[in-house]
Amino acid sequence: MAQDDLNWKTFFEENSKPNHYDENVKLISEVCLQAAIKKLRVALITSGGTTVPLEKNTVRFIDNFSAGTRGSASAEYFLEAGYQVIFLHRSKSLEPYSRHLVGRSIFDMIEICPENIIVGEKHQAEMRKLTEKYQRYKSNLLMISFNSLSDYLWLLQATAQKMQILGPLALLYLAAAVSDFYIPASQMPCHKIQSSGGPLSLSLQLVPKMLAPLVTLWAPNAFIVSFKLETNEALLETKAKESLEKYHHHIVIGNLLHSRKVYVLLVDRNNSAPEEIRLADSELESGIEIESKIVENLKIRHDNYYANHKTG
Ligand code: 9Z3
């Protein structure tokens, strides 16, 4: 068995399944089955950061910056493009539709009338639009949440495997910010680390690269899009290309931490020239989101993939 194989299998042997795993997998399975019968497309969108616990009874954990904007905004555009969406997201990160209300207090938006409470006049138009969209698409949206890296990987594996039934109708859009480092369960203390023990040194192990089994074993016929995050622009294209060469999936979308809302670089495995998507200032000011353009672009690529897959 190759070392990579051993690593990912060992990870699942050493880290137990998340709470409510079986119930969630049942829900995911049902969505995939119904979509396969009706020949509908399904997008798995992963979103938000993954925590790395330092203790089994977790008081402290390592986290990352991701707010879930990319994933939650993309979910809305995939729904509008006709996809069923499985939204695998970090608990309490941004969610489709409700994300538009984050940072505002609901109490400032409602008014008390003698008989009932209503949405205040100046919020009516926005709330009507949002609620209409939510109600139109909610039956096409399954939301499943995770906290830790290990919970995320268990649910990713299960969802990808259940999506096999969809063949090329399945699209995986891996926007979650996945930790590269973790503490294996066998090396994790059971109880809260005591400061009386003095300064803390941590040794983190590398997380096995799950894209390898994902592409070859779990969802071999799905259209797979991963994201590559860098902070150094000079590395972005090379790193995106390296990832494609290594895992042989379909698209890597490169983005930089500080410009991720206005610029991405799409690299495809057919080695054609990378494609840039850049939002103009005027587009940004008028409320256009880069995710609308990313999803529009991917929809066309997925159409082609599906057409070739059927005949190929
Ligand atoms: C991304 O690069 C996402 O676009 C962001 C979105 C996390 C930057 P926000 O949630 O941010 O809108 O605040 N996601 C993928 C990051 C990642 O972990 N990629 C791994 C890698 O680069 C593996 S696929 O190696």
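Reader: How far apart do the end C-alpha atoms of residues 43-96 lie, and what share of the span is helix and what share strand?

Author: First, the ground rules. This is a predicted model, in which local features need pLDDT of at least 70, side-chain atom pairs count only at pLDDT 80 or more, and totals for chains, interfaces and linings use all residues. Residues are numbered from 1 along each chain as its sequence is written, and side-chain values use heavy atoms, with hydrogens and water left out. Helices (H or I, at least four residues) and strands (E, at least two) are DSSP runs, numbered from the N terminus. Now your case. The end C-alpha atoms of residues 43-96 are 14 Å apart. The span is 22% helix and 30% strand.

Reader: Which entry in UniProt lists residues 43-96?

Author: Take the caution before the name. UniProt positions follow the numbering used here, feature names are shortened, and annotations may be inferred rather than shown by experiment. The unreviewed entry lists "domain: DNA/pantothenate metabolism flavoprotein C-terminal" for residues 43-96 and 171-260.

Reader: On to helix pairs. At what angle do the axes of α2 and α5 cross, and within what distance do they come?

Author: Axes are lines fitted to C-alpha atoms, for helices over the stretch in contact, and angles run from 0 to 180 degrees between N-to-C directions. Here the pair is α2 (residues 21-38) and α5 (residues 149-163). Their axes come within 9 Å and cross at roughly 30°.

Reader: Are α2 and α5 roughly parallel or roughly antiparallel?

Author: Use the angle classes. Under 35 degrees counts as roughly parallel, over 145 as roughly antiparallel, 65 to 115 as roughly perpendicular, and the rest as oblique. α2 and α5 are therefore roughly parallel to each other.

Reader: Is the crossing of α2 and α5 left-handed or right-handed?

Author: Look at how the near helix is turned from the far one. Anticlockwise by less than a right angle is left-handed, and clockwise is right-handed. The crossing of α2 and α5 is right-handed.

Reader: Which residues of α2 and α5 meet?

Author: Contact means heavy atoms within 4.5 Å. From α2 come Y21, N24, V25, I28, S29 and C32. From α5 come W154, L155, A158, T159, K162 and M163. Eight residues of this contact are nonpolar, three polar and one charged. In that sorting, Ala, Val, Leu, Ile, Met, Phe, Trp, Tyr, Cys and Pro count as nonpolar, Asp, Glu, Lys and Arg as charged, and the others, Gly among them, as polar.

Reader: Is T159 buried or exposed?

Author: Read the relative accessible area. Buried means under 20%, exposed over 50%, and partly exposed in between (1.4 Å probe, protein chains only). T159 is in helix α5. T159 counts as buried because its relative accessibility is 1%. Leaving out residues up to four places away in sequence, T159 touches I28, L44 and I86.

Reader: What does A158 touch?

Author: A158 also lies in helix α5. Its relative accessible area is 4%, so A158 is buried. Residues up to four places away in sequence aside, A158 touches Y21 and V25. The C-alpha atoms of A158 and S29 are 8.9 Å apart, though 129 residues separate them along the chain.

Reader: Where is R41, and what does R41 contact?

Author: R41 sits in the loop between α2 and β1 (42-47). R41 is buried, with a relative accessible area of 16%. Beyond its neighbours within four places in sequence, R41 contacts Y83, Q84, L169, K299, H302, D303 and Y306. Y83 is 42 residues from R41 along the chain, yet their C-alpha atoms are separated by 5.1 Å.

Reader: What is the phi of K92?

Author: About 70°, a positive value, although K92 is not a glycine. K92 lies in the loop between β4 and β5. K92 counts as exposed because its relative accessibility is 81%. Y97 is in the loop between β4 and β5. Its phi is near 70°, positive in a residue other than glycine. Y97 counts as buried, at 4% relative accessibility.

Reader: Where does S98 lie?

Author: In the loop between β4 (84-90) and β5 (110-112). S98 is partly exposed, with a relative accessible area of 36%. The C-alpha atoms of S98 and I193 are separated by 37 Å, and the two residues are 95 apart along the chain.
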